[in-house]
Amino acid sequence: MTSRFTELVVDTHDPEGLAAFWCEVLGFTVIDRSEGKVEIGSWVPTVEEVRARQMPPTLLFVQVPEEKAGKNRLHLDVSPIDGSTDDEVTRLLGLGATRTDVGQGAGRNWVVMADPEGNEFCVLRTLAPQN
């Protein structure tokens with residue numbers, strides 16, 4: 001007996017707004033929505049495909065009343081695929097992300113950011129082909 005990692009759930013005040021932000025960041029689309037919930041992904045999961053093999057998880061944004069408290073215990077890492085890390089940080093700032101300090105110190109080869117609701121994530125090295 002095994003399980004599959006099918007979705008990562010993010011608590012939020014604004015599921016639609018945060019889902020829209022992450023769709024822009026990751027190039028995902030909305031694949032399901034209901035009252036207080038929005039699910040995004042790079043594919044539309046079916047039970048058969050998930051049972052057959054491990055597929056990329058979706059992100060599910062669920063509306064909650066409480067505020068975020070403290071540093072995330074789990075966060076996403078993203079890697080630019082067609083530009084530099086600096087260019088991606090600039091793009092994400094334009095989408096509403098902010099730079100944040102979680103005690104990472106200076107001189108790191110990644111950038112710690114926060115989404116519009118303060119959830120930390122890291123922008124890692126670029127995966128773009130180097131000329």
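This is a predicted model: local features need pLDDT of at least 70, side-chain atom pairs count only at pLDDT 80 or more; totals for chains, interfaces and linings use all residues.
How many helices and strands does the protein chain have? The chain has three helices and eight strands.

**The whole chain**

Display the protein chain as a cartoon and trace it from the N terminus: the elements run β-α-β-β-α-β-β-α-β-β-β. Switch to the C-alpha trace, which spans about 45 × 40 × 30 Å along its principal axes. Next, colour the 131 residues by relative accessibility; 35% of them count as buried. With a surface displayed, the accessible area comes to about 8500 Å², and carbon and sulfur atoms account for 52% of it.

Now select the charged side chains. There are 12 positive and 21 negative ones, and the centres of these two sets lie 8 Å apart.

**The hairpin of strands 2 and 3**

Select residues 29–34, which form strand 2, together with residues 37–41, which form strand 3; the two strands pair in the antiparallel sense over five bridges. They form a hairpin with two residues between them. At glycine 36, in the turn, the phi angle is positive, at about 75°. Then show serine 34, which stands opposite lysine 37 in strand 3.

**Asparagine 72**

Move to the loop between strand 4 (58–63) and strand 5 (76–78), where asparagine 72 is found. Is asparagine 72 buried or exposed? Asparagine 72 counts as buried because its relative accessibility is 15%, under the 20% cut-off. Show the side chain of lysine 68 as well: a polar contact of 3.4 Å joins it to the side chain of asparagine 72. Beyond neighbours within four places in sequence, asparagine 72 is in contact with Asn119 and Glu120.

**Leucine 76**

Continue to leucine 76, which lies in strand 5. Its relative accessibility is 23%, so leucine 76 counts as partly exposed.

Finally, draw a distance between the C-alpha atoms of leucine 76 and asparagine 119: they are separated by 9.1 Å, although the residues are 43 apart along the chain.

Conventions
Residues are numbered from 1 along each chain as its sequence is written. Side-chain values use heavy atoms; hydrogens and water are left out. Helices (H or I, at least four residues) and strands (E, at least two) are DSSP runs, numbered from the N terminus. Buried means under 20% relative accessible area, exposed over 50%, partly exposed in between (1.4 Å probe, protein chains only). A polar contact is a pair of N or O atoms within 3.5 Å; within protein, one must be able to donate a hydrogen and the other to accept it, and residues adjacent in sequence count only if both atoms are side-chain atoms. Contact means heavy atoms within 4.5 Å. Two strands pair if DSSP finds at least two bridges between them. Accessible areas come from the Shrake-Rupley method with a 1.4 Å probe; for residues, only the protein chains shown count as cover. Lys and Arg count as positive and Asp and Glu as negative; His and the chain ends are not counted. The place of a charge is taken as NZ of Lys, CZ of Arg, CG of Asp or CD of Glu.
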